[in-house]
Every structure is written in structure tokens, then in C-alpha cells.
Amino acid sequence: MDSEPVIAPGNARWTSRCILAVVLIAPDNSIGVMVTAASLILLALLGVLSAKAGGSPVLRATLRVTFWGALAMAATALVGSLFGTTAA
């Protein structure tokens, strides 16, 4: 493995453009919903990829990663609301 980090300006540029497009298109009150939905979709995708990489059942891994990720997001939102620092 190469010890130097790989920097890909094209990837950073693409990510920035996608985030800007979402912020410009979405109404102010739906950003939290959109971020939550995108996070759950990407968690499910990671579950599929991890199952295929590890050779385990896809549905079970996808449900496990998505469930625990959603639970972690809910716990984070709860703690944030207790301290009055919610983003939405």
C-alpha cells in the first residue's frame, strides 16, 4: 500500500456540486428530511456492498446496517434536541 494519501480534486468538486444542487433546489424546511432519506438510502447501499464483499446474505446485512444506522441517527437527534442543538 502507498503511504501517501490519494487526493482526487475531481471527486471533491463533484461532491461539492451535488451538495450545492440539493441546497439550492430544496426548500429550507425539507433539508433535514432529504439528508435523512439520503443517509438511509446510502446506508442500505453500504449494507449491500458489505454483504457482497463478505459473502453473507444481502438482505440480512442490508437490514442490519440500515437499522443500526437509523437508530444511531435517531439517538444523535435525541441528544441534540436535549441540548438544544438540533439542525432542523
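L40 sits in helix α2; helices here are DSSP runs of H or I with at least four residues, and strands are runs of E with at least two, numbered from the N terminus. Keep in mind that this is a predicted model, where local features need pLDDT of at least 70, side-chain atom pairs count only at pLDDT 80 or more, and totals for chains, interfaces and linings use all residues. Residues are numbered from 1 along each chain as its sequence is written, and side-chain values use heavy atoms, with hydrogens and water left out.

**Exercise 1.** Work out how many helices and strands the protein has.

*Solution.* Start by counting: you get three helices and zero strands. Then read along the sequence, and the pattern comes out as α-α-α.

**Exercise 2.** Decide whether L40, T62 and T66 are buried or partly exposed.

*Solution.* First, grab the cut-offs: buried is under 20% relative accessible area, exposed is over 50%, and partly exposed is in between (1.4 Å probe, protein chains only). Next, check L40: its relative accessibility is 29%, so it counts as partly exposed. Now move to helix α3 (residues 58-82), where you'll find T66. T66 has 19% relative accessibility, so it counts as buried.

**Exercise 3.** Describe how α2 and α3 pack.

*Solution.* For α2 and α3, the angle is about 145° and the axes are 8 Å apart. (Axes are lines fitted to C-alpha atoms, for helices over the stretch in contact, and angles run from 0 to 180 degrees between N-to-C directions.) Last, look at who meets whom: residues of α2 including T36, S39 and L40 are part of the contact, and on the α3 side V58, A61 and T62 are among them.

Notes:
Contact = heavy atoms within 4.5 Å.
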